[in-house]
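Please look at the model shown below together with its sequence.

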Amino acid sequence: MTAPQPVLDVRGLIMDFGGLRALDNINIQVNSGEIVALIGPNGAGKTTFFNCITGLYEPTMGDMIIHTPGKAPVRLNRLKPNVVTENGLARTFQNIRLFQKMTVLENVMVARHCRTKSGIAGAIFRGRKTRREEQEMVEHSYRLLEKVGLDSYVNELAQELPYGAQRRLEIARALATEPILLLLDEPAAGMNPKETHELDQLITRIKEEEGVSILLIEHDMKLVMSISDRIYVLDYGQMIAQGTPREVSENRNVIKAYLGEAFDA
Amino acid sequence: MDYFLELFFGGLTRGSIYALIALGYTMVYGIIQLINFAHGEIYMIGAFTALVVASALSLLGMNGLSLLMLSGVIAMIYSAAYGFTMEKIAYKPLRDAQRLSPLISAIGMSIFLQNYVLLAQTSDFVSFPALIEEFPFMESVTIMRSSELVIVVTTAVATTLLTLFIKFTRMGKAMRAVAQDKTMAMLLGVNVNRVISATFIIGSALAAVGGVLISSHIGQINFYIGFIAGIKAFTAAVLGGIGSIPGAVIGGLVLGWTESFATGYVSSDYEDVFAFGLLVFILIFRPAGILGKTTSEKV
């Protein structure tokens with residue numbers, strides 16, 4: 001066994017909003033090839049954590065480092081969201097944030113933006129290189145849509161897709177940025193059990209086929225327990241537990257956080 | 001009937017120019033929800049640039065369409081540079097400020113640019129050479145002048161190219177993405193600053209085209225033309241539905257025709273009364289404009 005290769009390494013992360021400490025000294029590591037879950041009651045700071053590492057918030061203190069195999073580690077602090085994405089982080093949102101007025105294919109192609117080069121001049125003169133790049137872009141996007149089972153919808157507007165399909169489109173779009181770590185914020189929210197089960201399989205398949213590691217926020221405990229390699233538990237901005245699904249589900253602190261103090265008595 | 005057609009084509013010409021300027025308003029609004037009140041000034045600067053370039057080049061013995069093309073292209077580049085710089089100086093630092101701040105900054109920019117041209121040039125009207133000569137095949141046509149034909153055709157071509165650009169190119173897709181959800185676009189690796197700059201560059205270049213063409217058609221310009229044209233084009237953009245590109249064109253044409261027919265059948269004194277009366281009328285019955293979609297804001 002080789003030592004696990006960290007992909008994301010967050011140490012001592014503190015996020016203050018005025019006098020409120022939303023995240024207090026958080027340490028989270030995601031290793032290559034892992035599916036890691038971040039759970040906790042509402043308002044625990046899970047989405048705040050995502051916003052910090054993707055560059056939407058600027059953390060008060062701490063280090064956030066991404067390790068791309070074969071490249072020097074990059075410190076994510078103070079990088080703009082689009083630069084964070086270029087460095088291999090992609091995310092989805094709790095509430096669906098597709099470009100509703102664009103087609104399914106266009107949604108995915110926008111995300112290829114950061115991996116292509118041609119600028120305005122290229123668009124106007126349309127040289128061979130631009131056209132080849134565009135061809136590559138379309139093919140790559142089709143491949144991703146096929147993977148999430150949306151290849152029959154390519155030219156529909158995103159807003160016309162059924163709910164579950166919109167969720168899958170978000171995942172395909174995130175994958176189009178070629179991430180090494182995919183952040184999923186409540187991917188199963190609002191899904192029925194059948195859709196959740198399909199999502200479970202999709203996430204595992206993506207991890208294997210695309211070679212991405214996954215960090216997900218989720219409330220559906222069945223999903224979390226079945227697919228996660230490790231789990232971190234947040235409560236009121238504090239890390240109260242971490243470990244394998246089994247360890248976490250037996251942890252007294254976790255049970256207390258979810259069910260309240262009275263359970264203790 | 002001839003009189004009607006004359007007014008019709010006059011309105012079409014006027015409306016085309018409004019449309020060219022309105023496109024810049026509507027694109028900028030679509031991307032950063034800012035009414036760029038200094039946009040009319042960019043149009044005026046385009047006209048002045050073309051005047052300077054055309055005067056210089058005509059000394060070298062150039063004339064006709066090549067002169068129009070060359071001075072037009074230089075005016076486009078020059079105006080685009082102004083638009084780009086304006087965004088960086090006056091709007092970018094205020095992007096996260098409350099919405100009123102960039103609006104006031106825009107008005108300041110407008111006053112600044114007007115007075116800058118006033119000082120650098122003159123407060124008087126200066127004559128602008130007729131760069132568009134009468135085409136031989138238009139001689140028998142009485143209802144429309146050659147310059148009007150050029151204006152209408154140029155606007156049609158420019159609008160078509162813009163639509164194709166936004167629909168099919170990589171930057172066009174990025175623009176639509178930024179217009180719909182800036183944060184999400186950023187998280188997908190789109191460089192939002194670059195997209196905003198591109199929007200200002202394209203809008204400014206279109207305004208310059210309008211400035212050059214109408215100046216050549218009317219034959220005189222001064223530092224103040226941008227203000228009036230800007231207000232009218234803004235009206236056109238709102239009329240058509242601000243944020244919508246076909247809306248800007250339709251709004252421009254509707255406004256152009258309204259003014260033209262009001263002038264022709266009523267009195268030129270009532271031109272603005274009809275134009276703004278139409279605006280009030282449309283806003284009462286379709287608050288989002290002709291093509292605008294009424295969106296209920298989520299609370």
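A residue is called buried if 20 or more other C-beta atoms lie within 10 Å of its own, exposed if 12 or fewer do, and partly exposed in between, with C-beta atoms placed from the backbone. This is a predicted model, in which local features need pLDDT of at least 70 and side-chain atom pairs count only at pLDDT 80 or more, while totals for chains, interfaces and linings use all residues. Residues are numbered from 1 along each chain as its sequence is written, and chains are lettered from A and ligands numbered from 1 in the order in which they are written.

With 19 other C-beta atoms within 10 Å, Glu186(A) is partly exposed. Glu186(A) sits in the loop between β7 (181–185) and α7 of chain A, where helices (H or I, at least four residues) and strands (E, at least two) are DSSP runs numbered from the N terminus. Most residues other than glycine have a negative phi, but the phi of Glu186(A) is positive, near 45°. Asn25(A), which is not a glycine either, has a positive phi of about 50°; Asn25(A) belongs to strand β2 (residues 20–31) of chain A and counts as partly exposed, with 14 C-beta neighbours inside 10 Å.

Is Ile206(A) buried or exposed? Ile206(A) is buried, because 22 other C-beta atoms lie within 10 Å. Ile206(A) is part of helix α7 of chain A, and, leaving aside neighbours within four places in sequence, Ile206(A) is in contact (C-beta atoms, placed from the backbone, within 7 Å) with Leu175(A) and Val212(A). His219(A), by contrast, is partly exposed, with 15 other C-beta atoms within 10 Å, and lies in the loop between β8 (213–217) and α8 (221–227) of chain A.

At the level of domains, whose bounds come from an automatic or database domain assignment, chain A is given domain 1 (6–88 + 179–264) and domain 2 (100–170). The C-alpha centres of domain 1 and domain 2 of chain A are 27 Å apart, and eight residues of domain 1 of chain A are in contact with six residues of domain 2 of chain A. On the side of domain 1 of chain A that touches domain 2 of chain A, α2 (81–86) and α7 (193–210) of chain A each supply at least two residues, and the largest share, three residues, comes from α2(A). The residues of this side of domain 1 of chain A divide into three nonpolar, three polar and two charged, where Ala, Val, Leu, Ile, Met, Phe, Trp, Tyr, Cys and Pro count as nonpolar, Asp, Glu, Lys and Arg as charged, and the others, Gly among them, as polar.

Between the chains, 24 residues of chain A are in contact with 21 residues of chain B. The side of chain A that touches chain B receives at least two residues from each of α2, α3 (104–111) and α4 (120–125) of chain A, and by class this side has 10 nonpolar, eight polar and six charged residues.

A nonpolar core is a set of buried Ala, Val, Leu, Ile, Met, Phe, Trp, Tyr and Cys residues joined through C-beta atoms within 7 Å. The largest such core has 167 residues, and those touching the most other members are Ala172(A), Leu181(A), Ile21(B), Ala22(B), Val178(B), Ala185(B) and Val190(B). Helix α8 (residues 192–218) of chain B gives the most to this core, 15 residues. Domain 1 and domain 2 of chain A both give residues to this core, so it lies between them. Not counting residues up to four places away in sequence, Val190(B) touches residues of both chains, among them Asn82(A), Val110(A), His113(A), Ala174(B) and Val195(B).

Two helix pairs of chain B remain. The axes (lines fitted to C-alpha atoms, for helices over the stretch in contact, with angles from 0 to 180 degrees between N-to-C directions) of α5 (residues 146–168) and α6 (residues 170–180) of chain B come within 5 Å and cross at roughly 80°. These two helices, α5(B) and α6(B), are therefore roughly perpendicular, given that angles under 35 degrees count as roughly parallel, over 145 as roughly antiparallel, 65 to 115 as roughly perpendicular and the rest as oblique. The axes of α5(B) and α8(B) come within 10 Å and cross at roughly 170°, and α5(B) and α8(B) are therefore roughly antiparallel.

Definitions and conventions: Two residues are in contact if their C-beta atoms, placed from the backbone, lie within 7 Å.
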